[in-house]
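Me: Hi! Could you walk me through this one while I have it open?
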Amino acid sequence: MVFEAIIENEDIKLGIYRKLKELCPPHTFFFTNTSSIPIRVLDGEADLGGRIIGFHFYNPPACRSWWS
């Protein structure tokens with residue numbers, strides 16, 4: 001499992017995914033935090049075979065303070 005959380009730039013993300021596809025075993029799942037690039041574009045252009053999952057989180061994450 002690889003979780004990608006880099007800049008929202010399609011060319012950069014695609015470059016990273018293409019390289020990761022070379023480095024990772026064929027059963028690897030990829031998670032992306034993209035909120036503006038369609039996941040089907042990343043999947044198709046990087047030829048990930050449907051092994052990419054969108055997982056967007058917000059910054060800062062909603063949480064309860066330990067001191068409250």
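**Salt bridges and surface**

Reply: Happy to! Asp47 pairs with Lys21 in a salt bridge, and their closest N and O atoms are 2.9 Å apart (a salt bridge here is a side-chain nitrogen of Lys or Arg within 4 Å of a carboxyl oxygen of Asp or Glu). Asp47 lies in the loop between helix 2 (39-46) and strand 3 (52-54) and Lys21 in helix 1, so this pair ties together parts that are 26 residues apart in sequence. The model is predicted: local features need pLDDT of at least 70, side-chain atom pairs count only at pLDDT 80 or more, and totals for chains, interfaces and linings use all residues. Residues are numbered from 1 along each chain as its sequence is written, and side-chain values use heavy atoms, with hydrogens and water left out.

Me: How many salt bridges does the structure hold?
Reply: Five.

Me: And which residues are linked in a network of them?
Reply: Glu4, Glu8 and Lys13. Within it, the Glu8 and Lys13 side chains meet at 3.4 Å, N to O.

Me: Is Lys13 buried or exposed?
Reply: Lys13 counts as buried, because its relative accessibility is 0%. Glu8, at 34%, counts as partly exposed. For the cut-offs, buried means under 20% relative accessible area, exposed over 50% and partly exposed in between, with a 1.4 Å probe and protein chains only.

Me: What does Glu22 form a salt bridge with?
Reply: With Lys19, the closest N and O atoms being 3.6 Å apart. Both lie in helix 1, three residues apart, which is about one turn of the helix. Glu22 is exposed at 61%, while Lys19 is partly exposed at 44%.

Me: Switching topic: what pattern does the chain follow along the sequence?
Reply: β-α-β-α-β, with two helices and three strands. Those are DSSP runs numbered from the N terminus: helices are H or I with at least four residues, strands E with at least two.

Me: Which residues make the nonpolar surface patch?
Reply: Ile6, Ile7, Ile12 and Ile16, over about 320 Å². Patches are made of residues with over 30% relative accessible area and no salt bridge; like charges are joined within 9 Å and nonpolar side chains (Val, Leu, Ile, Met, Phe, Trp, Tyr) within 5 Å. Areas come from the Shrake-Rupley method with a 1.4 Å probe, and for residues only the protein chains shown count as cover.

Me: Where does Ile6 lie?
Reply: In the loop between strand 1 (2-4) and helix 1 (10-23).
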